[in-house]
Structure formats: structure tokens, C-alpha cells
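Please look over the sequence and the model below before reading on.

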Amino acid sequence: MKKIPHADITLSPVTLGTMTYGSPVAFDDAVALTRYAAARGINHIDTANMYEGYGRYAGSAGGVAEEIVGEAIRTLRREDIVIATKLGMKVGSAPEDEGTGPAAIRKQLDVSLRRLGTDYVDLYYLHRPDPDHPLAEILGALAREIAAGKIRYYGVSNYSAEQLAALLRCADAEGLPRPVICQPPLSLLKPAAAQDLLPLCEREEIAVVPYQIYQGGLLTGKYRRGSALPAGSRAAEKPEWVMQLDNALFDRLEAFTAQAEARGLTLAQYALRWALEQPAVLSVLVGVKSEAQVDAALAAAET
């Protein structure tokens with residue numbers, strides 16, 4: 001467990017991701033999987049108001065993953081679980097169903113709390129930058145919800161280094177709370193965040209919990225040049241969510257596999273360890289379909 005700087009929260013090295021809850025991971029299976037992960041020591045569950053599995057499209061209502069998490073934690077001690085959810089993506093047709101303005105924060109936070117069956121979230125993410133609302137308004141709205149006890153701390157996701165730096169300047173100038181956590185995409189295949197965003201987070205003492213560390217399963221070793229797509233894989237089930245499987249990609253995967261073997265690791269272990277070793281990274285977000293995948297991620301984190 002590692003402590004988030006400037007926050008009374010510690011995180012397990014693996015964070016349970018829930019983007020595929022609902023489809024392909026059905027409701028009851030997802031509830032059981034969440035409880036299994038908690039029993040194995042994963043204390044951080046990450047979700048979002050938009051998550052509903054492969055059925056997701058821009059403007060669909062979302063909420064499925066939050067409802068599953070709410071059911072799963074009903075039998076757990078709330079104080080043992082760190083719940084993170086997000087707002088910002090379009091989840092309906094009303095103006096406050098998109099973005100991170102004050103009206104959206106008021107509405108979406110209350111909806112998320114009802115789904116989750118809790119009266120507060122530990123971490124509340126701005127899921128993406130919002131060019132339609134001034135930062136001071138957004139941060140002021142978050143500060144009010146923190147004061148009301150509905151949010152313990154907040155963070156940002158999908159922000160560039162420049163966007164995060166601007167938010168920090170605004171928070172400091174206005175005397176408003178700073179984010180304590182950042183969730184960027186990061187993997188061996190897409191390491192851009194390590195160039196400037198992660199060093200900024202390290203300097204500013206902001207924890208990082210990256211997503212896409214396996215890059216949609218490409219970095220798990222299941223895809224082989226010239227072989228059929230594995231049954232049940234992301235590329236087979238939701239190809240639009242996966243990078244193009246061409247020779248250039250396989251060249252990179254094979255190079256990473258050789259690097260992994262040089263360290264005595266599988267490609268999946270190497271991908272997870274590489275992400276954990278980056279500046280400011282406290283935990284890595286992993287989406288799973290089975291108990292075996294939970295166990296494998298935990299074992300890799302301890303390697």
C-alpha cells in the first residue's frame with residue numbers, strides 16, 4: 001500500500017478497473033469479481049458515470065458499472081474501500097449531462113452516489129478537460145462538494161501536462177483545493193505521459209494511477225503474428241477499441257517481449273512493472289474478466 005500525498009488515502013498497487021462491467025462482464029459476475037478482488041487485497045475500485053461496457057456510445061446513459069460497484073460493496077466495510085468515479089463525458093441529452101461545470105457536478109455526483117449506494121466518494125475525477133467552463137467555476141464547485149462531505153478528494157483524467165499546470169495555477173490563485181491524483185493513459189506502446197505529465201505530477205506531489213497499461217490486451221502476450229485472434233480477446237470482441245494489428249505493431253510487441261524475457265518476466269508482467277516504475281505512479285488500473293486475471297496482476301505487482 002502507498003499513501004497519496006496530501007491525502008488520507010492509501011492505495012493497493014493494483015486498482016480494479018470497471019469499464020467492461022455490464023458487457024462483456026455480466027452484472028452478477030462483475031459483483032463477484034469485485035468482491036474477490038477486495039478479498040485479495042485490492043482496496044481501490046475505479047469507475048465512471050459513463051461506464052456500461054461494450055454497449056457504450058456517446059450520449060448513452062451509462063451508470064451500469066456504478067450500479068455493479070454499489071451492489072458489490074454493499075457487503076463490504078465502506079471504510080476499507082477507496083471508490084473513485086468520474087464525470088465529464090456525455091451521458092444524456094441535458095446540458096448538465098456533459099462536461100464538468102457546476103451544474104454537471106451537482107447533478108452527476110448525486111446520481112453517482114445513488115448508484116454506488118454511498119454518501120461520499122473518496123476520489124472524484126474530472127474525466128476530461130472542459131473548455132466551456134472557467135477553471136475557477138469548476139474548482140469552486142468541487143470545493144463546495146468537498147466541504148459538504150460528498151467528495152473527499154478530487155483528481156483529473158486525460159489532462160495534458162499543460163492543462164494540469166493551468167488547473168494548478170488556478171487552484172493556487174483562487175485558494176481552492178488542488179487535485180491529489182491524476183489518471184492518464186500510459187503503456188509501453190503509448191508512453192507519452194511519461195515525458196512531461198508524470199514529471200509534473202512528481203514535482204507537484206500528485207499521485208498517478210494510469211490506465212491502458214496493457215493497451216487493450218495487446219501487451220499481455222496473447223496476440224501473435226500470423227495467428228487468429230484469441231477467443232474472448234478485446235480485438236475479437238470490440239476491435240474498434242484496439243490498435244491496428246499490423247506488422248509494425250507486431251515488431252514492437254516482439255521487441256517488448258524480448259525485453260521482458262531479459263528480465264525473466266512475461267510480457268504482461270513487464271508491462272505492469274514498467275508502469276509501476278514510472279515517476280509518481282502509486283497504483284496501476286487493470287480491467288479483468290476473471291479471478292485468474294486478478295491473481296496474475298497482483299503477482300506481477302509483487303514481482
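In this predicted model, the sulfur of Cys201 has its closest cysteine sulfur in Cys182, at 4.1 Å, which is too far for a bond, because a disulfide is counted here when the two sulfur atoms lie within 2.5 Å. By this rule the count of disulfides comes to zero, and Cys182, whose nearest cysteine sulfur is that of Cys201, accordingly takes part in none. Cys201 has a relative accessibility of 0% and so counts as buried, and Cys182, also at 0%, is buried as well, since the term applies under 20%.

From the cysteines we turn to open space in the model. The largest pocket has a volume of about 1,200 Å³, and 50 residues line it, with Met19, Thr20, Gly216, Arg234 and Gly287 lying nearest its centre. By class, this lining is made up of 20 nonpolar, 20 polar and ten charged residues. Among the elements that each supply at least two lining residues are α9 (267-276), β10 (284-287) and α10 (291-302), and the largest share, four residues, comes from α10.

The last stop is Thr18, which is found in the loop between β3 (14-17) and α1 (27-39). With a relative accessibility of 1%, Thr18 counts as buried, and its side chain reaches the backbone oxygen of Asp46 at 2.8 Å.

Notes
Residues numbered from 1 in each chain as written. Predicted model: local features only at pLDDT ≥ 70, side-chain atom pairs only at ≥ 80, totals over all residues. Heavy atoms only, no water. 1 Å grid on protein atoms, 1.4 Å probe; cavity = no way out; pocket = protein on both sides within 12 Å on 5 of 7 lines; lining within 4 Å. Points joined across faces, edges and corners; volume = space filled by probe spheres on them. Nonpolar A, V, L, I, M, F, W, Y, C, P; charged D, E, K, R; others polar. Buried < 20%, exposed > 50% of the residue type's maximum accessible area, 1.4 Å probe, protein only. Polar contact = N/O pair within 3.5 Å; in protein donor to acceptor, adjacent residues only side chain to side chain.
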